[in-house]
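Hello,

Here is the structure I promised to pass on. My notes on its side-chain contacts follow below it.

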Amino acid sequence: MEPAGERFPEQRQVLILLLLLEVTLAAWEPRRYSVMEETERGSFVANLANDLGLGVGELAERGARVVSEDNEQGLQIDLQTGQLILNEKLDREKLCGPTEPCIMHFQVLLKKPLEVFRAELLVTDINDHSPEFPEREMTLKIPETSSLGTVFPLKKARDLDVGSNNVQNYNISPNSHFHVSTRTRGDGRKYPELVLDTELDREEQAELRLTLTAVDGGSPPRSGTVQILILVLDVNDNAPEFVQAFYEVQVPENSPIGFLVVKVSARDLDTGTNGEISYSLYYSSQEINKPFELSSLSGEIRLVKKLDFETMSSYDLEIEASDGGGLSGKCSVSVKVLDVNDNFPELSISSLTSPIPENSPETEVALFRIRDRDSGENGKMICSIQDDVPFKLKPSVENFYRLVTEGALDRETRAEYNITITITDLGTPRLKTEQSITVLVSDVNDNAPAFTQTSYTLFVRENNSPALRIGSVSATDRDSGTNAQVTYSLLPPQDPHLPLASLVSINTDNGHLFALRSLDYEALQAFEFHVGVTDRGSPALSSEALVRVLVLDANDNSPFVLYPLQNGSAPCTELVPRGAEPGYLVTKVVAVDGDSGQNAWLSYQLLKATEPGLFGVWAHNGEVRTARLLSERDAAKHRLVVLVKDNGEPPRSATATLHVLLVDGFSQPYLPLPEVAPAQAQADSLTVYLVVALASVSSLFLFSVLLFVAVRLCRRSRAASVGRCSVPEGSFPGHLVDVSGTGTLSQSYQYKVCLTGGSETNDFKFLKPVFPNIVSQDSRRKSEFLE
């Protein structure tokens, strides 16, 4: 900062300079210069050097400059030429506004030595502004009854220029009612006045638009305009008048509440309260007005209640329009109600017959009447029923219809019909009514009961308890009620030898079948009979079905040993040479079972033996064979107990006791084989020859041979005592009792077992042993069944 001690001397110098300037200015008379506003910058104003009496170079030497009181730099000195020139464009209106004349004061300062000259610059006006009105539009309200010559003052225009460049005159656009006059006030300002020349009529012309023009005195002159809106004020000299004296409208009857029926309109040439119109209903009957409501302001007539063409088809209204001055006018409104299709067709049934017996010819089911409350096409109707029912409609008089059957009905096919009667009118949109009628079909006994199956197969296990239910039959009847109630019965058997009444019975109500006694599969394996069913209709109908009863086998028979015989006689003894190889066939236990299936499947096992491990029994065929080589130490006599067991549940069994004698020197290879003989007679003769041959071999074997022949003859005689039996269908398979020798026995054994089919007891047939026929050296020996 600059020290305070240095600032004080400078301030003192400024104060002294100003004081000297005032003294100097007081001593000199000011000079006046003139310049027009808007003169370009740098324009010449005056030769200041000549006016001050100084040389051109002296102004520069003395530091001449222009100083103004408001520090504006509008002027400057050209120190080279000594001329005073404009430093900027001057705007008189900006500098002085409306003041006239416009003088700009300034001083010329010479520093060396100090000297001040006072001067003035007169800024003259040029016409650079046009007149302007304060508003773009002026509004005048003039009553239509105003007298001629009435003066209406107008707002004057403003012009920033002064003198003759200011507004000098006003004029107005041509019209038939007004002219304008220009007045001058005491300050010299001019203002316009509007003068009425002819009478106004608001109903003829409610408003006028005029153009007011202000013109200044410049050269060329400038002007400004403003729009004058003249509103002619009304006087109540006109009554309201409707646009139409008579209104005729059509309103659909289904129009909603609030629907605009019609809008009446009245005009009043007056304005204000004189032209404000209110509407009201002018009528003589309160009833007429009920469906309608009139808006007093808008003239809109709206529905306040639903219309019904069928109740009232037209309305006549009187409407009054009143203005604020007490004048009024009237009009008439005729409202025609249009019928619309708003009523559904109706159906009323006069008679209905249900149920209808089936198999009846054409029958009348119902009689009914239809109607539609609408009119014209809306009231015309079409009546129909669906196509999938055996019924038809027959039109009658006065919109009556008969519903009849097309033919005989079948209750078993369909017992109930839902018939939909459809009534459709011809209006737009079409309306329809549907009503359903239920028709029941009553039953006639026209269907015989039918069994669910043409034949039934029932299974019952033997040894059943008496009165056991073995099954049932079932029949249905398509009829209903008592016509469908059925009774079951046993029909007489076709086989007169079948004791059906003692075998089965039937429940007449439900068809359950019962076995009356215990059945024996071995005595009766199957039987069949017919059952009948009869309904309770009138006349009664019946049908029959075949019932086949199959008796199932139970394991109620134990195995029976055919060989060796176990009848308490002298036991048979099997001879086995001590030189027999392991697997030597000693004999074969043959057994049968009176049951069937797996109940007759037999298996064999060695239950007891004098010397365990010496003999064995094949489980499937009962063959007894040696299990090892025989020795001298083995006992000569052996007793074997073979267990025979079936495959039933629970299993049953039997035992066979065998006696085996071990002999020395008896061996199969030393026995001569007989020649092949195809017949029984040849086999018997060969047996005799064999005995003779054996007897002649040696005396050592004579006893053995005789003993062996005696044993065989014994077996033959016992088999013959049992007797012959027939072989029924379904006899036991031969392979279960096949006893073919495959060991070292001197002969083969084959047995055929049969059961009698027609008796209640079982007979077993024993077969005698025979000598085999040798087929070839490589083939095994086979046995044949002998009668």
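One aromatic cluster brings together Phe451, Tyr456 and Tyr488. Please keep in mind that this is a predicted model.

Aromatic pairs

There are ten aromatic pairs in the structure. One of them joins phenylalanine 152 and phenylalanine 178. Its geometry is edge-to-face, with 6.5 Å centre to centre and 70 degrees between the planes. The two partners come from distant parts of the chain, 26 residues apart. Phenylalanine 152 sits in strand β9 (residues 151-153), phenylalanine 178 in strand β11. Both phenylalanine 152 and phenylalanine 178 are buried.

Phenylalanine 242 and tyrosine 279 make a tilted pair. Phenylalanine 242 and tyrosine 279 are buried.

Salt bridges

The count is 26 salt bridges. Among them is the one between glutamate 135 and lysine 155, at 2.7 Å from N to O. It links distant parts of the chain, 20 residues apart. Glutamate 135 is in the loop between β7 (115-124) and β8 (137-143), and lysine 155 in the loop between β9 and β10 (167-172). Glutamate 135 is partly exposed because its relative accessibility is 33%. Lysine 155 is partly exposed too, at 40%.

Aspartate 443 and arginine 411 also form a salt bridge, with the closest N and O atoms 3.0 Å apart. Aspartate 443 lies in the loop between β31 (432-442) and β32 (450-451), and arginine 411 in the loop between β29 (400-405) and β30 (416-425), so the pair ties together parts 32 residues apart in sequence. Are these two partners buried or exposed? Aspartate 443 is buried, because its relative accessible area is 18% and the cut-off is under 20%. Arginine 411 is buried at 12%.

Arginine 548 bridges to glutamate 528, with 3.3 Å between the closest N and O atoms. Arginine 548 is in strand β40 (residues 542-552) and glutamate 528 in strand β39 (residues 526-535). Arginine 548 is partly exposed at 30%, and glutamate 528 is partly exposed at 41%.

A network of salt bridges links Arg92, Glu93, Glu100 and Asp125.

Surface charge

Lys156, Arg158, Arg185 and Arg189 form a positive surface patch. Arginine 185 lies in the loop between β11 (178-184) and β12 (190-196). With 46% relative accessibility, arginine 185 counts as partly exposed.

Best wishes

Terms used. Residues numbered from 1 in each chain as written. Predicted model: local features only at pLDDT ≥ 70, side-chain atom pairs only at ≥ 80, totals over all residues. Heavy atoms only, no water. Patch = residues over 30% accessible without salt bridge, like charges linked within 9 Å, V, L, I, M, F, W, Y side chains within 5 Å. Areas by Shrake-Rupley, 256 points an atom, 1.4 Å probe, with all protein chains shown as cover. Salt bridge = Lys/Arg side-chain N within 4 Å of Asp/Glu carboxyl O. Lys, Arg positive; Asp, Glu negative; His and termini not counted. Charge placed at Lys NZ, Arg CZ, Asp CG, Glu CD. Helix = DSSP H or I, 4+ residues; strand = E, 2+ residues; numbered from the N terminus. Buried < 20%, exposed > 50% of the residue type's maximum accessible area, 1.4 Å probe, protein only. Phe/Tyr/Trp six-rings, centres within 6.5 Å; stacked < 30°, edge-to-face > 60°.
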